[in-house]
Amino acid sequence: MADAAPAADAATEPARRKVVLVGANPGVQLFHRDVVSAYASVWTVDWSAQGSGSAIVLWHDGEVRVLTDHPDLGHWLERSFTRFFPEAAGLPWPEPRIERRAVHVANDLARGTYARAGDVAVRIADVLDRRAFATDEFDLGGRVHSLSLVTGPSAAASIEVRGRRLPGEIIRAGTPERPSSSAFVAVAEVWRY
């Protein structure tokens, strides 16, 4: 009798992956002269392995701030997810400053996203399209996850700090039938590992 093949682990067999986060994660990447000038990742977590709550992860001027009502959750979101997103690729990404702040988020595919925490406000508006996205190959620092969500690329966005709009604009691309943007609304997000 031949030896049985070793059982595949969840990291290599997507069907065996466990849900680790359910929520939403809209984002904005601003550019100035084709260089990223600011990036904000807005999180609302309905359930996760680290609890529930909200956070704004902001990269600007070479610094990372995590504004959150649940510091342990915010730290986990930044360390395990946001820092590995394509939007953060190539950015100098130092240790984050975790700031305990109440986070208020309104997020939907019709009106867009508005998030505020402390002195930071993120706005995403004029949703251009709504479409489903799914992959079993989302690499987060060498840990491959499955991800499914509904996304809405958007035509307008801004990030404000202390009441001043950060410099830079979003970049829009794609076609009228399938637009893309560096600002997007996201809902119904499920991460599995």
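**Exercises on strand β5**

In β6, Arg97 is the bridge partner of Arg65. The model is predicted, with pLDDT of at least 70 required for local features and 80 or more for side-chain atom pairs, while totals for chains, interfaces and linings use all residues. Residues are numbered from 1 along each chain as its sequence is written, and side-chain values use heavy atoms, without hydrogens or water.

**Exercise 1.** Determine how strand β5 is joined to β6 and to β4.

*Solution.* Step 1: β5 and β6 (residues 97-100) run parallel and are joined by four bridges; strands are DSSP E runs of at least two residues, helices H or I runs of at least four, numbered from the N terminus, and strands pair at two or more DSSP bridges. Arg65 and Arg97 are bridge partners here.
Step 1: β4 (residues 53-60) and β5 run antiparallel, with six bridges joining them. Glu63 in β5 is the bridge partner of His60.

**Exercise 2.** Explain why strand β5 is largely enclosed by the rest of the structure.

*Solution.* Step 1: β5 spans residues 63-68.
Step 1: Five of its six residues are buried (under 20% relative accessible area; exposed is over 50%, partly exposed in between; 1.4 Å probe, protein chains only).
Step 2: Strand β5 is therefore largely enclosed by the rest of the structure.
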